[in-house]
Amino acid sequence: MMSIIVTLLFFTYTLAEEKELTIKINMWSKELYVLENGKVIKQFPISIGTELSPTPVGEYKVMEKAKSWGGGFGSRWLGLNVPWGIYGIHGTNKPHLIGEDVSSGCIRMHNKDVEQLYEMISIDTPVLIDGPITGTGEGEFKNLSVGSKGNLVQLVQGRLKAMGLYDGDINGIYGIKTEYAIREFQKLNQVSVNGVVSFREYLLLGLIE
């Protein structure tokens, strides 16, 4: 009898361990999905960033959880490990704006929805954000220089690293190493050297045609 109980407990524990949750965010449809072992089990409407303060695209993880951050952050906060700034999934005190491009880059949800999500999600849960990596409208392929941050910087850093011109982290932060690499790239291409990424550099890097 004891052997059967132990076996059942182990089986139940194994099933719990095999349960894998993932958050997937679709910026085009403005929906947040919770997937269990690859299958959608929850779906929520969201708001995303504006053209000039876009939501970061890529693969991240939930790094912190908190209740009642205050202000416009609603009743729950799920912080993400985006390397170039503080971004997260949170509630809102302006529920009528859900579905719009209005945030400073965070993912906004109805408070009742983010409270439900909060209880489901643990630290280190993967978060996949899918959307226009180059931005849209006025924010598309904007000029980059020291102090710039975001997905466009990551794209540039990745291309420079592949060329052997950049040995820093691909972290989306345009620092001195990135500027130096761009200057070297500009010298190689015999164009004016200013350490700034503009339309010309995007073109020469092969990021646009």
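Analyst: Helices (H or I, at least four residues) and strands (E, at least two) are DSSP runs, numbered from the N terminus. Two strands pair if DSSP finds at least two bridges between them. This is a predicted model, in which local features need pLDDT of at least 70, side-chain atom pairs count only at pLDDT 80 or more, and totals for chains, interfaces and linings use all residues. Residues are numbered from 1 along each chain as its sequence is written, and side-chain values use heavy atoms, with hydrogens and water left out.

User: OK. What is the strand order in the open sheet of eight strands?

Analyst: The order is E3-E2-E1-E10-E5-E6-E7-E9, and the pairing is mixed. E3 and strand E9 (107–108) are at the edges with a single partner strand each, so one side of each has no neighbour in the sheet.

User: And what holds strands of a sheet together in general?

Analyst: Strands of a sheet pair through backbone hydrogen bonds, either parallel or antiparallel.

User: Let's take E2. In which sense does E2 pair with E1, and over how many bridges?

Analyst: Strand E1 (residues 21–26) pairs with E2 in the antiparallel sense, over six bridges. Isoleucine 23 is opposite valine 34 in E2, and threonine 22 has leucine 35 of E2 as its bridge partner.

User: What about the hairpin of E1 and E2, how many residues are between the strands?

Analyst: Four residues lie between the strands in that hairpin, and lysine 30 takes a positive phi near 55°.

User: Now the other side. How many bridges join E2 to E3?

Analyst: Six bridges join E2 to strand E3 (residues 39–45), and the two run antiparallel. Glutamate 31 has proline 45 in E3 as its bridge partner. E2 and E3 form a hairpin with two residues between them, and asparagine 37 in the turn has a positive phi of about 50°. Asparagine 37 has that positive phi although it is not a glycine.

User: Why is E2 largely enclosed by the rest of the structure?

Analyst: Five of the six residues of strand E2 (residues 31–36) are buried, so E2 is largely enclosed by the rest of the structure. Buried means under 20% relative accessible area, exposed over 50%, and partly exposed in between, with a 1.4 Å probe and protein chains only.

User: Back to asparagine 37. How far apart are the C-alpha atoms of glutamate 20 and asparagine 37?

Analyst: Those C-alpha atoms are separated by 5.2 Å, with the two residues 17 apart along the chain. Glutamate 20 lies in the loop between helix H1 (2–18) and E1, while asparagine 37 is in the loop between E2 and E3. Leaving out residues up to four places away in sequence, glutamate 20 touches Leu35, Glu36 and Asn37. Contact means heavy atoms within 4.5 Å.

User: Is glutamate 20 buried or exposed?

Analyst: Glutamate 20 is exposed, with a relative accessible area of 53%.

User: Switching to E6. How many of the residues of E6 are buried?

Analyst: Five of the five residues of strand E6 (residues 76–80) are buried, and the strand is mostly covered. In a regular strand the side chains alternate between the two faces of the sheet. From E6, Arg76, Leu78 and Leu80 point one way, Trp77 and Gly79 the other way, and all are buried.

User: Which strands are joined to E6 by bridges?

Analyst: Strand E5 (residues 58–67) is joined to E6 by five bridges and runs antiparallel to E6, with lysine 65 opposite leucine 78. Strand E7 (residues 87–90) is joined to E6 by four bridges, again antiparallel. Tryptophan 77 has histidine 90 in E7 as its bridge partner, and E6 and E7 form a hairpin with six residues between them.

User: And E5 with E10, how many bridges?

Analyst: E5 and strand E10 (residues 126–130) pair in the antiparallel sense over four bridges. Lysine 61 is opposite proline 126 in E10.

User: Helices next. At what angle do H3 and H4 pack?

Analyst: Helix H3 (residues 151–162) and helix H4 (residues 176–188) pack at about 60°, with their axes 11 Å apart. Axes are lines fitted to C-alpha atoms, for helices over the stretch in contact, and angles run from 0 to 180 degrees between N-to-C directions.

User: Which residues meet between H3 and H4?

Analyst: Val156, Gln157 and Leu160 in H3 meet Thr178, Ala181, Ile182 and Phe185 in H4. By class, that contact of H3 with H4 has five nonpolar, two polar and no charged residues. Ala, Val, Leu, Ile, Met, Phe, Trp, Tyr, Cys and Pro count as nonpolar, Asp, Glu, Lys and Arg as charged, and the others, Gly among them, as polar.
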